[in-house]
Amino acid sequence: MSRFSVCSNVYLAGASCLMAALWIAMAGQAHADSMSALIAQKSAQASARYTPSYSTVPTATVSTRSTIKRANATRSDSLYQYPQTSYQPQVLPAFLSGIYDNVDSEYLPILSQAESQSSTAAREVISTARTMALNERAIIQGGCWDYLNAVFKRAGVTRDTVHKGVYRQGPYAASHEIQAGDWLYYINHGYNGVEHSGLFVGWVDESAKQALMLSYAGENRREPARYKVYDLSNVYQIMRPTI
């Protein structure tokens, strides 16, 4: 065989291989295009099937009307009847219209009632003490006794002892014996059970012996007197203002 024949055969064989490779590639591309088109079609069908159309969702209707029904007050078998309540704000006198840090606002009505409904001597003491504590924020040298002694002197009243006992021994006064404006000596259960004295303003809870008192700490604290709630379970001395 001539060299030309051999080369021709080699050339033809190579061309055939090249054509075969091109055919396989074209077939593969056609197959891939077909698969891509099929996948895209299936995805479109799935989206159309499962994607909700929000334009068709009805608008929600919200009602603010209560579904709670009150008990019928006219029925005899009703176990509970809702009380008729109405809020009435507490009106305080002008002299208690300030902002204070030595009395809780919830106790101001008790102070107002004590000052307006007490006897003349007691009213003078309560009014003088309120002015010194809330308005002047007076500091008196000494302790609780010195402060109340200054209050009574400034109010222009004297004091009568209407109950006399002994610290930690008694006898202790009953709650009905105590009146607004009284100078009390009692065991301070909120401070190590020491003896203390203060000005009685009014009961917060008489059954529990909880009362609003004007108390002066003294002890060089340089703080004005404060209106605080104390336990008056053990009052052993009562001194009442008189004119």
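Colleague: Which residues lie nearest the centre of the largest pocket?

Modeller: Start with the general idea. Rolling a probe the size of a water molecule over the atoms shows where empty space is left. Now the case here, in a predicted model. N188, H196, S215, A217 and Y230 lie nearest the centre of the largest pocket. Its lining counts 23 residues.

Colleague: How much space lies in the largest pocket?

Modeller: About 440 Å³.

Colleague: Which elements give two or more residues to the lining of the largest pocket?

Modeller: They are β2, β3 and β5. The largest share comes from β5, with five residues.

Colleague: Let me place those strands. How many helices and strands does the chain have?

Modeller: Four helices and six strands. Read from the N terminus, the order is α-α-α-α-β-β-β-β-β-β.

Colleague: In what order do the six strands stand in the sheet?

Modeller: The order is β1-β6-β2-β3-β4-β5. The sheet is open, and the pairing is antiparallel. β1 (158–164) and β5 (226–231) are at the edges. Each has a single partner strand, so one side of each lacks a neighbour in the sheet.

Colleague: Take one pair. How many bridges join β3 to β4?

Modeller: Five bridges join them. β3 covers residues 194–205 and β4 covers residues 210–215, and the two run antiparallel. F200 has M213 in β4 as its bridge partner. W203 stands opposite A211 in β4.

Colleague: What lies between the strands in the hairpin of β3 and β4?

Modeller: Four residues. In this hairpin, K209 takes a positive phi near 60°.

Colleague: Is S197 buried or exposed?

Modeller: S197 has 1% relative accessibility, so it counts as buried. The cut-off for buried is under 20%. Beyond its neighbours within four places in sequence, S197 is in contact with C144, W145, L148, W183, L184, Y185 and Y186.

Colleague: What is the relative accessible area of E195?

Modeller: E195 has 46%, so it is partly exposed. With residues up to four places away left out, E195 touches Y167, Y186 and Y236. E195 and Y236 are 41 residues apart in sequence, yet their C-alpha atoms are 9.6 Å apart in space.

Colleague: Now the helices. Which strands does helix α4 lie across?

Modeller: Helix α4 (residues 144–155) lies across β1, β2 (183–188), β3, β4 and β6 (235–242). It runs at about 55° to β3. Helix α2 (residues 108–117) lies across β3, β4 and β5. Its angle to β3 is about 90°.

Colleague: Which residues of α2 are buried?

Modeller: L108, I110, L111, S112, A114 and E115. Their cover includes α3, β3, β4 and β5.

Colleague: Where does R137 lie?

Modeller: R137 sits in the loop between α3 (120–135) and α4. Its relative accessibility is 35%, so R137 counts as partly exposed. Neighbours within four places aside, R137 is in contact with D101, N102, T131, M132 and P224. R137 and N102 are 35 residues apart in sequence and 9.2 Å apart in space, C-alpha to C-alpha.

Colleague: Back to the whole chain. What share of contacts joins residues at least 24 apart?

Modeller: The share is 59%, counted among contacts between residues at least 6 apart in sequence.

Colleague: What share of the residues counts as buried?

Modeller: Of 243 residues, 31%. The chain exposes about 16600 Å², and carbon and sulfur atoms supply 54% of that area.

Methods
Residues are numbered from 1 along each chain as its sequence is written. This is a predicted model: local features need pLDDT of at least 70, side-chain atom pairs count only at pLDDT 80 or more; totals for chains, interfaces and linings use all residues. Side-chain values use heavy atoms; hydrogens and water are left out. Buried means under 20% relative accessible area, exposed over 50%, partly exposed in between (1.4 Å probe, protein chains only). Contact means heavy atoms within 4.5 Å. Accessible areas come from the Shrake-Rupley method with a 1.4 Å probe; for residues, only the protein chains shown count as cover. Two strands pair if DSSP finds at least two bridges between them. Axes are lines fitted to C-alpha atoms, for helices over the stretch in contact, and angles run from 0 to 180 degrees between N-to-C directions. On a 1 Å grid over the protein atoms alone, a cavity is a set of points where a 1.4 Å probe fits but cannot get out, and a pocket is an open set with protein on both sides within 12 Å along at least five of seven lines; lining residues have an atom within 4 Å of a point. Grid points are joined across faces, edges and corners, and a volume is the space filled by probe spheres set on the points.
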